[in-house]
Amino acid sequence: MTELQFAPLAPEDTDALQALLARAFAFAPADANGWFDAAGRENIRVVRRDGRVEGGCMVLPMGQYFGGRAVPIGAIAAVGVRTDARRRGIASRMMSEVLHELHHRGVPCSTLYASNAALYRRAGYEPAGARFSATIRPREIDSSDRGGAVRDAGPDDAAMLHAMYAGAVRQRNGHLDRSRYIWDRLHGVRFGVPAHGLVLLDERGVPEGYLFWRQFRREMFHHLEVTDWVATTPAAHRRLWSTLSDLRTMVEDMRCWTAPHDPMLLAVPDPRLELRHEENWMLRLVDVAGAMRARGFAEPLRLRLGLRVHDDVLAANDGSFTLHIDGGAAEVERGGTPELELDVRALAAVYSGFASPWSLAALGAVRGNATALAKL
């Protein structure tokens, strides 16, 4: 069998990759141009055999907050394989090549949403967080909180909105340190529908939150989808719900992306909403030592922990590490005496805070004594 070639997207690959992804994700091939431009064509990779493009993906540079720090990641999107070339190991080969490239570039972590969890777990990814949706009828929202004012969001507000977002989510593990690719998806036009934005102002006229949404037409009343919302004060959390209630004239129901512990949901005056688990996102520690150094830790924490990590894809991660945590930061040495043994997938689930060491130990995914588990 002819050897597969993994490479950056070349101009002559564009039509083939557009057709491949259009079939995989059910859109018109011409619509891929905007997607490619938004991602940055330099961030697109393809797999060829005998000059024919048989697969492709995007590797998007951004960050993800863990322990209060933005850890650089390679976010994986648009993974596709030709329909007549599937079940031949192309996706597995492509993910292995992506991970080796990211490791070589010094990117410590990678994140994705998985259409095929088994494929990505073989590559060393593990569920590390969850995406939920909440649906509510805006007519049922208590809309009594009316302090401050609102105004339309405009292009000149971008830097202020970005800073407000970062300040609000920095301490929430798993939130993205967004690239332009993400900001445009949330605040721009998508699927032909523009997002509308409002900035919430306190009594002094100082911004304390914002709301972006898209409205989808139905025969009579419409569906509203919140694409982005941030509150920086307790009052702003309550006022965001009042603001949504004010949009109810032509809206039958609304949906937002959230989590059970989201402060926005905890602020709902009357939480008559439907909460639904949509999917897990997955994390890969591309560089175990680099990921530990990049992550933040609780300031009072002082400990030393020896780990034996197994990684059958990236040899540089396979072995023993000694982790020293002090003053909110970690130092990592190769070698030392392991107190715990685990594979790189289990370590990713602990790293994000998604799974406790005790839960993973119950599954046999982490092995060590109670003292070492408590350190982890």
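Arginine 45 is buried, at a relative accessible area of 9%, where buried means under 20% relative accessible area with a 1.4 Å probe and protein chains only. This is a predicted model, in which local features need pLDDT of at least 70 and side-chain atom pairs count only at pLDDT 80 or more, while totals for chains, interfaces and linings use all residues. Residues are numbered from 1 along each chain as its sequence is written, and side-chain values use heavy atoms, without hydrogens or water.

Arginine 45 belongs to strand β2, residues 44–49; strands are DSSP runs of E of at least two residues, and helices are runs of H or I of at least four, numbered from the N terminus. Its side chain makes a polar contact of 2.8 Å with the side chain of glutamate 101. A polar contact is a pair of N or O atoms within 3.5 Å; within protein, one must be able to donate a hydrogen and the other to accept it, and residues adjacent in sequence count only if both atoms are side-chain atoms. The arginine 45 side chain also reaches the backbone oxygen of glutamate 42, at 2.8 Å.

I turn now to two helices. Helix α1, residues 14–25, packs against helix α2, residues 32–39, at about 105 degrees, with the axes 10 Å apart. Axes are lines fitted to C-alpha atoms, for helices over the stretch in contact, and angles run from 0 to 180 degrees between N-to-C directions. The two helices are therefore roughly perpendicular, a term covering 65 to 115 degrees.

Finally, the whole chain: its secondary structure comes to 12 helices and 20 strands, and buried residues make up 49% of its 376 residues.

Conventions:
Buried means under 20% relative accessible area, exposed over 50%, partly exposed in between (1.4 Å probe, protein chains only). Angles under 35 degrees count as roughly parallel, over 145 as roughly antiparallel, 65 to 115 as roughly perpendicular and the rest as oblique.
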